[in-house]
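Visitor: Please take a close look at the charged side chains here. I would like to know which of them pair up, and how each one is placed.

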Amino acid sequence: MTTAKRWTSQLLAVALPALLIAAPAQAIVSAGTPTALHSDTDGDADADRQAVSREIERFRSSSITISQAMAIAEARHAGATTADVSFDGGSGVPVYRVKTLHNDRIWRHTINAATGELVGGEAALPLAELDHDDRSNLAALGAIRHRLSDAVRVAERAASGKAISGGLVRERGRLSFAIVVISGDDLKEVILEPPGARAK
């Protein structure tokens, strides 16, 4: 979640236990200060705020939602599931960068945020080339029945906004979905732990 890392200073954790009881993901929410994200900026807070504002404006003017971008990428390979997605408004054309898991490979897709078209083809990386932690997280993702798309829907409802990025994080042995949502002028991080992920 590289986009989220740039915005750490603006993120807020959201506690959502009442909403999630009825939510399809049946997730447990981890509240508090986000610990998976750490600032790697040079300390220029004004420049950071301006960059975040530009990124948010480009995101808001995009025709394709994060859920649509995930669906487009997953449709490239029957049975694929999204492991990570983020909006990138810093390049010439705003895009979503989507990583999907299918047949022991991570597929990288770039989806045009205005048209939904695939940009520049796709690339695959065998899981065997990933480090042990990443392979473990992706194995857990394949074993649980809830998907990142479920977590995005729950997070958007809970934070009253639109998701701009999402992916897997592991903290203290727990695999969770971390979703960054734009709500008004704020960025909020929602952590959702799918049932069964702790034991994987």
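Guide: Helices (H or I, at least four residues) and strands (E, at least two) are DSSP runs numbered from the N terminus. This is a predicted model, in which local features need pLDDT of at least 70 and side-chain atom pairs pLDDT 80 or more, while totals for chains, interfaces and linings use all residues. Residues are numbered from 1 along each chain as its sequence is written, and side-chain values use heavy atoms, without hydrogens and water.

The protein chain has six helices and nine strands. Of its 200 residues, 48% are buried (under 20% relative accessible area; exposed is over 50%, partly exposed in between; 1.4 Å probe, protein chains only).

There are five salt bridges (a side-chain nitrogen of Lys or Arg within 4 Å of a carboxyl oxygen of Asp or Glu). One of them joins Arg60 to Glu57, at 3.6 Å from N to O. Both residues belong to helix H3 (residues 45-60) and sit three residues apart, about one turn of the helix. Arg60 is partly exposed at 41% relative accessibility, and Glu57 is partly exposed at 48%. Arg60 also forms a salt bridge with Asp185, at 3.9 Å from N to O. Asp185 lies in the loop between strand E8 (174-183) and strand E9 (186-193), so its pairing with Arg60 in H3 ties together parts 125 residues apart in sequence. Asp185 itself is exposed, with a relative accessible area of 71%.

Another salt bridge links Asp150 and Arg153, whose closest N and O atoms are 2.5 Å apart. These two residues are both in helix H6, three residues apart, about one turn of the helix. Asp150 is buried at 13% relative accessible area, whereas Arg153 is partly exposed at 38%. Through shared partners, salt bridges join Glu57, Arg60 and Asp185 into one network.

Glu156 is also in H6 (residues 148-159). A polar atom of the Glu156 side chain lies 2.8 Å from the backbone nitrogen of Ala163. Leaving aside residues up to four places away in sequence, Glu156 touches (heavy atoms within 4.5 Å) Ile66, Gly161, Lys162, Ala163 and Val181.

Note on methods: A polar contact is a pair of N or O atoms within 3.5 Å; within protein, one must be able to donate a hydrogen and the other to accept it, and residues adjacent in sequence count only if both atoms are side-chain atoms.
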